[in-house]
Amino acid sequence: MKRIVALIVVLLYGYTGFAQFSDSTHYLIKYASTGSINRTNDGNSYLLNNNLGFKVSKKKVTLNAGASYVYGKNNASLTNNDVSAAVDFNLYTDTAQIYYWGLANYDRSYSLKINNRFQGGAGIGYDLIRRPNALLNITDGLLFENSDLFLHDTIQDLYSTVRNSFRVQYKWTIHNIVVLEGSNYFQNSLMHGDDFTIRCINSMSVKLRSWLSLTASMTYNKLNRTDRENLLFNYGVTLEKYF
């Protein structure tokens with residue numbers, strides 16, 4: 001765990017330092033808090049989803065760092081206690097549509113029966129559309145994964161594999177008010193044919209101010225090895241600041 005945190009800190013510090021040498025560097029910090037509460041005579045439930053992101057971008061390199069925390073209960077029974085932290089970077093080539101990416105990710109999830117999981121890898125991306133108001137790209141690459149899982153809720157599984165990671169990402173801004181965006185992943189093991197993960201994160205935001213939006217989001221996760229999945233649909237606010 002200490003090595004994972006150290007790796008993320010080194011990557012974040014190194015690429016932030018590199019970016020500061022350019023006058024054309026731009027920064028974005030973003031925080032979203034969404035959730036839902038349901039209370040009836042028969043019981044109550046609630047879910048809180050917090051996401052924090054930081055981005056450094058210049059002409060030929062971007063760095064993204066982010067973390068999320070999901071906590072939920074249903075009639076006093078824990079349903080979610082899920083933490084994720086990641087850092088990734090894109091290196092753009094002279095061919096504007098092609099770029100290279102690298103990723104380091106750590107997560108643990110009560111709902112998916114993940115005690116600890118680390119993923120790290122690299123690959124290539126291709127921009128199908130890149131305009132000021134529209135983005136559509138695909139990426140593919142290899143990830144090394146080291147996991148500590150629970151199978152059938154009670155059987156501990158210490159597990160390593162190499163995955164192919166395929167992603168479709170989009171962002172569409174309508175009249176600078178409505179923003180539709182999402183990242184959708186399919187990651188299959190190259191060593192075990194029945195081992196795959198699916199992760200889909202999609203949202204719609206309506207800007208009230210340049211820094212404030214109302215947001216509805218949907219997140220779906222499936223981990224085939226533990227035979228677990230979750231679907232989160234919630235709404236709340238997003239705060240963001242460019243500088």
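**Notebook: loops, rings and nonpolar groups**

I began with Lys113, which is found in the loop between strand 5 (98-109) and strand 6 (114-131). I am working from a predicted model.

**Entry 1: Lys113.** I looked up the backbone here. Phi of Lys113 is positive, about 65°, although the residue is not a glycine. Most residues other than glycine have a negative phi. Is Lys113 buried or exposed? I noted 14% relative accessibility, so Lys113 counts as buried, the cut-off being under 20%. I then followed the side chain. Its charged end sits over the ring of Tyr110, 4.5 Å from the ring centre.

**Entry 2: Asn176.** I found another positive phi at Asn176, near 55°, and this residue is not glycine either. Asn176 is in the loop between strand 8 (155-174) and strand 9 (178-189). I checked its cover. Asn176 is exposed, with a relative accessible area of 65%.

**Entry 3: Arg225.** Arg225 lies over the face of Tyr159, at 3.6 Å from the ring centre.

**Entry 4: aromatic pairs.** How many aromatic pairs does the count give? I get six. I took Tyr46 and Tyr71 as one of them: the pair is tilted, 6.4 Å centre to centre, with 40° between the planes. Why does this pair tie together parts that are apart in sequence? Tyr46 lies in strand 2 (residues 43-57) and Tyr71 in strand 3 (residues 61-74), so the pair joins parts 25 residues apart. Tyr46 is partly exposed at 34% relative accessibility. Tyr71 is also partly exposed, at 24%. I also noted a cluster: ring pairs link Tyr27, Phe54 and Phe243.

**Entry 5: nonpolar core.** I looked up the largest nonpolar core. Eight residues make it up: Tyr27, Val56, Leu63, Ala65, Val87, Phe89, Ala104 and Phe118. Strand 3 and strand 4 (77-92) are the elements that give two or more residues to this core. In soluble globular proteins, nonpolar side chains tend to be buried together.

**Entry 6: surface patch.** I turned to the outside. Ile29, Tyr31, Leu52, Trp211, Leu239 and Phe243 form a nonpolar patch on the surface. Together they have about 580 Å² of accessible area. Leu239 is in strand 12 (residues 228-242). At 35% relative accessibility, Leu239 counts as partly exposed.

Technical notes: Residues numbered from 1 in each chain as written. Predicted model: local features only at pLDDT ≥ 70, side-chain atom pairs only at ≥ 80, totals over all residues. Heavy atoms only, no water. Phe/Tyr/Trp six-rings, centres within 6.5 Å; stacked < 30°, edge-to-face > 60°. Helix = DSSP H or I, 4+ residues; strand = E, 2+ residues; numbered from the N terminus. Buried < 20%, exposed > 50% of the residue type's maximum accessible area, 1.4 Å probe, protein only. Lys NZ or Arg CZ within 6 Å of the ring centre and 35° of its normal. Core = buried A, V, L, I, M, F, W, Y, C linked by side-chain atoms within 4.5 Å. Patch = residues over 30% accessible without salt bridge, like charges linked within 9 Å, V, L, I, M, F, W, Y side chains within 5 Å. Areas by Shrake-Rupley, 256 points an atom, 1.4 Å probe, with all protein chains shown as cover. Salt bridge = Lys/Arg side-chain N within 4 Å of Asp/Glu carboxyl O.
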